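Me: I would like to go through a protein model with you, one topic at a time. Could we begin with the terms we need?

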Amino acid sequence: MLDSLPSQTDPNLLVGFDQSDDAGVYRIGDDVALVQTVDFFTPMVDDPFTFGQIAAANALSDVYAMGGRPLTALSVVCFPQDGDLDVLREVMRGGLDKMGEARCTVVGGHSVRDAEMKFGYAVTGMIDPRRTKTNGGAQAGDVLILTKPIGTGVITTALKQGKAHDAWVEGAVESMRTLNQRAASIVSQHAGVHAMTDVTGFGLMGHGREVAMASHVVLEIETEKVPRLEGSLEAIAAGAIPGGLVANREWAECVVSPGGGVSEEVRTLMFDPQTSGGLLISVEEASAALLLAALVKAGVPAACIGTVSLGKPGIILR
């Protein structure tokens, strides 16, 4: 649908919605640009404070994925007319907790009456336009690094269906409310990073598809090296398949190889929609080991999950 809209010609728009990237980048000077994004959604956990934390971490992630530093945020709230305001207060308190951790100031927001609660933020950050990380720079020979395990979608769906174990949920919650701030800061200190994106609603395959298409390369993914949350495969086996996973598969599977030897559960997990997922980094081989070591030393659960090669843009699962 976006392809049918008129093209924008402002030369200061460095990254717009036409590139399917994580955030927009608008130049306001030779060495400074704004990074802007918005994200909000319905609750996926029971605790209001935790939901607010996750919503904030998720909204901030797009700025980190571009290599930017969050500055300000506007809250976006949908809440029932007769809803318990103590619940909303806890959600917003949780959001402020994570925004404070990121040193991002909430300057206001907007609320509307809605039968179903939704919460998130529009975030503005700053970046040197010469250091912007987009999803379109991956090069053949690069190594792919992922900074968080996947599986939040199937585990939170299992929670809603009453099929999740407490340990599964605790692991997923801890991952979702962890900022990508530390990982992004480490990436900014290392040379050789050619492309970066965060793995969120479109899943590893959906966001990987965007990298492959924008960079005109093939992503070769070693599925057993992809870190996964405890309980994610068990949730799939129990039938906890979110609607977003089905939609992701319908959209992205056309560019994903058959993947002989990959189990159906593992293949399904590759399409799982993530909330506040990790960063997918494409880095030159000579710098990959140093970057991975720095991430792991800093406590980031990062792993090398594959490589980049030439060929018809797409993804190969092994």
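Predicted model: local features only at pLDDT ≥ 70, side-chain atom pairs only at ≥ 80, totals over all residues.

Me: Is Phe119 buried or exposed, then?
Reply: Phe119 has 0% relative accessibility, so it counts as buried.

Me: And how many aromatic pairs does the structure hold?
Reply: There are four aromatic pairs. One of them joins Phe119 and Tyr121: the ring centres are 5.1 Å apart and the planes stand at 75°, so this pair is edge-to-face. Tyr121 is at 1% relative accessibility and therefore counts as buried.

Me: Which residues form an aromatic cluster?
Reply: Phe41, Phe51, Phe119 and Tyr121 form one aromatic cluster.

Me: What about Phe202 and Trp251, how are their rings arranged?
Reply: Phe202 and Trp251 make a tilted aromatic pair, with 5.1 Å from centre to centre and 45° between the planes. The pair links distant parts of the chain, as its members are 49 residues apart. Phe202 lies in the loop between β8 (193-198) and α6 (203-215), while Trp251 belongs to helix α8 (residues 243-252).

Me: Where do those two stand on accessibility, buried, exposed or in between?
Reply: Phe202 has a relative accessible area of 38%, so it is partly exposed. Trp251, at 30% relative accessibility, also counts as partly exposed.

Me: New topic: charges. Why would charged side chains pair up at all?
Reply: Side chains of opposite charge can pair when their charged atoms come close.

Me: How many salt bridges does the structure hold?
Reply: The structure holds 11 salt bridges. Among them is the one between Asp86 and Arg89, whose closest N and O atoms are 2.5 Å apart.

Me: Where do Asp86 and Arg89 lie?
Reply: Both lie in helix α2 (residues 85-101). They are three residues apart, which is about one turn of the helix. Asp86 is at 47% relative accessibility, so it counts as partly exposed.

Me: Which residue does Lys118 meet in a salt bridge?
Reply: The side chain of Lys118 meets that of Asp114, at 2.8 Å from N to O. Lys118 counts as buried because its relative accessibility is 18%. Asp114 has a relative accessible area of 26%, so it is partly exposed.

Me: What is the N to O distance for Glu224 and Arg228?
Reply: Their salt bridge spans 3.6 Å from N to O. Glu224, with 58% relative accessibility, counts as exposed, whereas Arg228 is partly exposed, with a relative accessible area of 33%.

Me: Which residues are linked in a network of salt bridges?
Reply: Arg249, Glu253, Glu264 and Arg267 are linked in this way.

Me: On to helices. Which residues of α4 are buried?
Reply: Helix α4 covers residues 166-176, and Trp168, Val169, Ala172, Val173, Ser175 and Met176 are buried there. Around the axis they cover an arc of only 160°, so they are on the same side of α4.

Me: What does the other face carry?
Reply: The face of α4 turned away from its buried side carries the exposed residues Asp166 and Glu170.

Me: What covers the buried residues of α4?
Reply: The covering elements include α1 (48-65), α3 (152-160) and α7 (232-237).

Me: Now strands. Why is β10 said to be largely enclosed?
Reply: Strand β10 (residues 279-283) is largely enclosed by the rest of the structure because five of its five residues are buried. Both of its faces are covered, with Leu279, Ile281 and Val283 on one side and Leu280 and Ser282 on the other.

Me: Which way does β7 run relative to β10, parallel or antiparallel?
Reply: Strand β7 (residues 143-146) and β10 run antiparallel and are joined by four bridges. Leu146 stands opposite Leu280 in β10. β8 and β10 also pair in the antiparallel sense, over five bridges, and the bridge partner of Val193 in β10 is Val283.

Me: Last topic: how many disulfides does a search find?
Reply: A search of the whole structure finds zero disulfides. For Cys104, the nearest cysteine sulfur is that of Cys78, 20 Å away. Cys104 counts as buried because it is at 5% relative accessibility, whereas Cys304, at 27%, counts as partly exposed.

Key: Residues numbered from 1 in each chain as written. Heavy atoms only, no water. Phe/Tyr/Trp six-rings, centres within 6.5 Å; stacked < 30°, edge-to-face > 60°. Buried < 20%, exposed > 50% of the residue type's maximum accessible area, 1.4 Å probe, protein only. Helix = DSSP H or I, 4+ residues; strand = E, 2+ residues; numbered from the N terminus. Salt bridge = Lys/Arg side-chain N within 4 Å of Asp/Glu carboxyl O. Arc of directions from axis to C-beta. Contact = heavy atoms within 4.5 Å. Pairing = 2+ DSSP bridges. Disulfide = S-S within 2.5 Å.
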